[in-house]
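Welcome! Let us take a walk through this structure together, starting where two chains meet.

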Amino acid sequence: MSSFQADLVALLPRLRRLARALTGSPAAADDLVQDACERALRNQSAFEPGTRFDAWMFRVLRNLWLDSHRRRAARGGVHETIDVAETISGADGAEIVALRLTVRDVERGMLRLPEEQREALALTCIEEFTFAEAAALLGIPPGTVMSRAARGRMALARMLRPAPGGDES
Amino acid sequence: MSVTDETLLLFVDGLLPEAEAEAIAAALESDPALAERAALLAEGRDAAQRAFADTLSEPVPAHLVAAAMAPAAGNDNRAGWRRTGFGLLAGVAAGFALALALPGGEGDGMLTPRILAALDSRAGTVGGGVIVAGTHATEAGTICRAFTVAERAGGMAGLACREEDGWRLRAAVARAGGGGYQPASGVDPLIGEVLERLGAGPALPPEQEDAARRRGWTPAH
């Protein structure tokens with residue numbers, strides 16, 4: 001096993017976490033991680049030693065996620081992830097009421113965010129990249145990451161609050 | 001006071017310089033709408049962090065470990081183990097027990113020359129830190145050998161089974177810890193579980209192991 005592969009194995013738990021946050025589904029997340037590993041191993045010469053391996057690998061995973069997301073959208077399934085989330089909500093709705101704010105609630109909430117807010121939130125809140133690091137990873141200005149993360153965080157928090165008593169502003 | 005999302009975000013995350021932070025804190029006192037936005041920013045962050053906090057400690061499925069270790073085409077990755085991955089691999093052990101079918105022999109890159117040398121010899125220390133812990137025959141008669149590899153930063157336990165074209169790695173468990181890998185007694189429990197699924201019996205006695213070795217590890221019948 002090369003050091004590249006050893007680094008990749010060591011990064012798997014974090015790759016799974018990021019993929020879970022992006023896809024909202026454990027099974028889809030693991031498929032995404034597997035695809036990302038395969039692509040990374042094929043393209044490992046593109047990694048520059050001395051740079052951050054986690055950022056490079058996250059970018060591989062994130063690009064794959066966006067590709068498949070856009071392919072689904074092109075096939076007419078623009079709201080596919082949201083439909084999936086709502087189906088799940090109906091299926092286990094009773095349990096959710098009892099458990100209050102569960103992991104599934106948050107995952108479902110994340111799925112309702114526009115993808116650029118979701119990835120900004122996932123990288124800066126969950127993976128704890130700084131805004132500057134996330135900006136470099138995504139290839140956009142830090143201010144853009146911040147405004148996307150801010151909108152994503154506020155929207156997620158609103159979704160997770162108990163249903164208002166009718167006085168929502 | 002008009003405060004942008006970006007500034008409020010930095011405030012909530014404790015990243016604003018002190019003077020600016022104090023100004024925002026003062027504005028929050030008299031501006032309920034601003035206070036509400038700050039509360040939402042903090043709630044959204046905390047919810048996302050809490051929801052995914054446990055994901056890191058979940059065992060990683062074996063097929064993902066195999067995918068990450070698959071030798072890239074054209075690369076010779078048999079040079080040997082690097083220690084980098086071992087520390088974190090300890091948490092992966094539970095998933096690894098399910099590595100019954102490493103696809104297409106992709107795990108075989110892990111069978112280094114010194115492990116292969118040990119697999120072809122009698123049980124006992126062979127040198128290079130590889131110890132064959134026991135030899136087992138599966139239901140189908142296939143010979144499998146459990147082994148451990150000691151590394152300074154941890155070690156691994158593995159199970160290799162003899163196929164027509166050579167040894168195939170069937171399962172591997174990595175362990176972190178100082179002082180090298182110490183098998184408590186006999187076979188690692190996870191390797192034991194894989195042996196059970198293969199329908200393998202207890203370790204063969206020395207004379208049967210010798211006979212299997214003389215047959216080139218082929219089935220007895």
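A salt bridge here is a side-chain nitrogen of Lys or Arg within 4 Å of a carboxyl oxygen of Asp or Glu. Arg16(A) makes one with Glu58(B), and their closest N and O atoms lie 3.5 Å apart. Between chain A and chain B the count is five salt bridges. This is a predicted model, in which local features need pLDDT of at least 70 and side-chain atom pairs count only at pLDDT 80 or more, while totals for chains, interfaces and linings use all residues. Residues are numbered from 1 along each chain as its sequence is written, chains are lettered from A in the order in which they are written, and side-chain values use heavy atoms, with hydrogens and water left out.

Now look at the whole meeting place. With contact taken as heavy atoms within 4.5 Å, chain A brings 43 residues and chain B brings 45 residues. The buried area, meaning the accessible area (1.4 Å probe) that two parts lose on being put together, summed over both, is about 4,000 Å² between chain A and chain B, and carbon and sulfur atoms give 68% of that.

You will find nine helices and five strands in chain B, where helices (H or I, at least four residues) and strands (E, at least two) are DSSP runs, numbered from the N terminus. Of its 221 residues, 45% count as buried, that is, under 20% relative accessible area with a 1.4 Å probe, protein chains only. Among the contacts in chain B with a separation of 6 or more, 59% join residues 24 or more positions apart.

How values were computed. Buried means under 20% relative accessible area, exposed over 50%, partly exposed in between (1.4 Å probe, protein chains only).
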